[in-house]
Amino acid sequence: MKNNKLNNYDEKLEDIAIKFENVSKTFKNKKALDNISFEVKKGQFHGFIGSNGSGKTTSIRSMLGFYSDVKGKMFINGYKFNSIKTKEKIGYIPEIAIFPKNLNTYEYLYYFACMSNIKPKIAKEKVKQLMQEYNLIGKEFDKSPENLSSGQKKKVLLIQALILEPDLLILDEPAANLDPISRNEFYEALDMFHKKGKTIFISSHILSELEKYVDSYTLIENGKIIESTSLKDKNKTLEFN
């Protein structure tokens, strides 16, 4: 279709949320990503696993357009990663976020929604609904998110990402610095989102904390893909004695 060509859309990737094809990224003399290829199907809860410095964050930042010198091909929901169309249905949660100190939690989320071209009346309703749904209610939220606990900050970031009703949620080490209770609450919140038929791509260096939730995973180490598969396919190859 003509419109597809203009929008850099590949119909062959209709069922693929994320696709990396021979992607490389070099910082000075170090190759952070070494010709990596893998894909994530739509509707999957996909774990992106690797030790610190393995290339997880570089991969995520590459597909989000942080770097101008990445080699290879990347697609998000069938569109080239740098297409305007990819931004419309993506939610992104970084490992660390900085919040303005002069806005309380509701105000921060409301103004973010307005800046995302959501009409003020709808923005108010959405923010109130999501804060209620994810249990961000109480006097402690009458202050800046900067003063909240690590677990509460992650939930604020999650709501910020969900305001645009994304089809794909990308998270970079979201459980870092969370205590066990906060970590469990955060993953349960993600599971709620996934059960709505949405795709989740989450990086972590701890496979055990994800295994209860993910249905597929990719292992990366030293900038190279070690394995990328679904748990269903992996279980078919396991041998038990």
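Predicted model: local features only at pLDDT ≥ 70, side-chain atom pairs only at ≥ 80, totals over all residues.
Residues are numbered from 1 along each chain as its sequence is written, and side-chain values use heavy atoms, with hydrogens and water left out. Helices (H or I, at least four residues) and strands (E, at least two) are DSSP runs, numbered from the N terminus.

- If you want a spot to look at, Ser24 has Lys71 in β4 as its bridge partner.

**Helix α2 and what follows**

- Axes here are lines fitted to C-alpha atoms, for helices over the stretch in contact, and angles run from 0 to 180 degrees between N-to-C directions.
- Six of the eight residues of α2 are buried, so the helix is largely enclosed by the rest of the structure. Buried means under 20% relative accessible area, exposed over 50%, and partly exposed in between (1.4 Å probe, protein chains only).
- The buried residues are Lys56, Thr58, Ser59, Ile60, Ser62 and Met63.
- Asp69 sits in the loop between α2 and β4, and is partly exposed with a relative accessible area of 43%.
- Leaving aside neighbours within four places in sequence, Asp69 is in contact (heavy atoms within 4.5 Å) with Lys25 and Thr26.
- The C-alpha atoms of Asp69 and Lys212 are separated by 37 Å, and these residues are 143 apart along the chain.

**The six-strand sheet**

- Another open sheet has six strands in the order β6-β7-β8-β3-β9-β10, and its pairing is mixed.
- β6 (90–93) and β10 (224–230) stand at the edges with a single partner strand each, so one side of each has no neighbour in the sheet.
- From one strand to the next, the twist averages 15°.
- For a parallel pair, look at β7 (residues 168–172) and β8 (residues 199–204), which share five bridges; Asp172 stands opposite Ser203 in β8.
- For an antiparallel pair, look at β9 (residues 216–221) and β10, with six bridges; Tyr217 stands opposite Thr229 in β10.
- β9 and β10 form a hairpin with two residues between them, and Asn222 in the turn has a positive phi of about 55°.

**Helices α6 and α7**

- The axes of α6 (residues 150–162) and α7 (residues 180–194) come within 9 Å and cross at roughly 15°.
- The two helices are therefore roughly parallel to each other; angles under 35 degrees count as roughly parallel, over 145 as roughly antiparallel, 65 to 115 as roughly perpendicular and the rest as oblique.
- On the α6 side, the contact is made by Gly151, Lys154, Lys155, Leu158 and Leu162.
- On the α7 side are Ser182, Glu185, Phe186, Ala189, Leu190 and Phe193.

Terms used. Pairing = 2+ DSSP bridges.
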